[in-house]
Amino acid sequence: MNPVDDLIEAYRDEVNVATSSFYTWKSINDLAAANDEILRTLNANALVWNIIAHSLQVTFFVALGRIFDRNQKSLTALSFIEKCRAEIGQFSKSALEARRLKDARGARPEWLDGYLAAMYEPAESDFDALAQATQSYEATYRARYQPIRHKVIAHKDLATIGSKDALFKNTNIGEVENMLQYLKQVEQVVEQWYLNGRNTNLADHSLDKPLRVHEELARIFRELSVAKDI
């Protein structure tokens, strides 16, 4: 595979872990709040539910920490942008042309010349703008979410025993959702530059994970309700 293909796929996987774990946790809570039967079932099986909730929380904070890590040897949101910037030649018209010809097994499609004429070639400044926007989200993570990851999730900081709720009070679900949406938007903007030569705005893309997770969980709860004799 091309290095950019690998980067996009690996970054997508990282974002998917963070979004899937967060929205699974949130959707279960939302469904329980809206359905008394689900709430009673979760409360009646608190041991299992607490294990699931804790596992989702740990997965989310670990995944988010990986995405905003500052280790230059790790794949993070910033290193993803920087590595793609370093491969800017793969975002050129000639590189896209070569990929399209390869897909067509050497036969030149009639539409290709017009397509290439209209395509967008991102400049280094485009990647720099993404990196700058990412830094603001990274600052939010470091101020409010990294302390939880370091002092509660990854380690049991002695200073937080009996007072970890104070750390969670600084978090905000809407803020987390904006952060996750932004991380997904970065992937989609870069992917459009690379795969299709299209210049899109962050706002042109949305995160479909919340609805998909909610629908699947609702279906699971419905199916479990008819399997009570297991």
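**View 1. The largest cavity has a volume of about 30 Å³.** A cavity is a set of points on a 1 Å grid over the protein atoms alone where a 1.4 Å probe fits but cannot get out; grid points are joined across faces, edges and corners, and the volume is the space filled by probe spheres set on the points. A search of the whole structure finds one cavity of 30 Å³ or more. Its lining residues, those with an atom within 4 Å of a point, are Ile67, Phe68, Asp69, Thr76, Ala77, Leu78, Thr134 and Glu138. Two or more of these residues come from each of α4 and α7. The model is predicted: local features need pLDDT of at least 70 and side-chain atom pairs pLDDT 80 or more, while totals for chains, interfaces and linings use all residues. Residues are numbered from 1 along each chain as its sequence is written, and side-chain values use heavy atoms, without hydrogens and water.

**View 2. Helix α4 spans residues 77-86.** Ala77, Leu78, Ser79, Phe80, Ile81 and Cys84 of this helix are buried, with buried meaning under 20% relative accessible area for a 1.4 Å probe, protein chains only. These residues pack against α1, α3, α7 (124-153) and α9 (173-196), where contact means heavy atoms within 4.5 Å. Ala77 and Leu78 also belong to the lining of the largest cavity.

**View 3. The largest pocket has a volume of about 560 Å³.** A pocket is an open set of grid points with protein on both sides within 12 Å along at least five of seven lines. The pocket lining holds 19 residues, and Ile38, Thr41, Leu42, Phe221 and Leu224 lie nearest the centre. At least two lining residues each come from α1 (3-34), α2 (36-44), α3 (46-67) and α10 (209-225). The biggest contribution, seven residues, is made by α10.

View 4. Helices (H or I, at least four residues) and strands (E, at least two) are DSSP runs, numbered from the N terminus. The C-alpha atoms fill a box of roughly 65 × 45 × 30 Å along the principal axes. Of the 230 residues, 39% count as buried. Among contacts between residues at least 6 apart in sequence, 75% join residues at least 24 apart. The protein exposes about 13,200 Å², with 51% supplied by carbon and sulfur atoms; this area comes from the Shrake-Rupley method with a 1.4 Å probe.

Notes: Buried means under 20% relative accessible area, exposed over 50%, partly exposed in between (1.4 Å probe, protein chains only).
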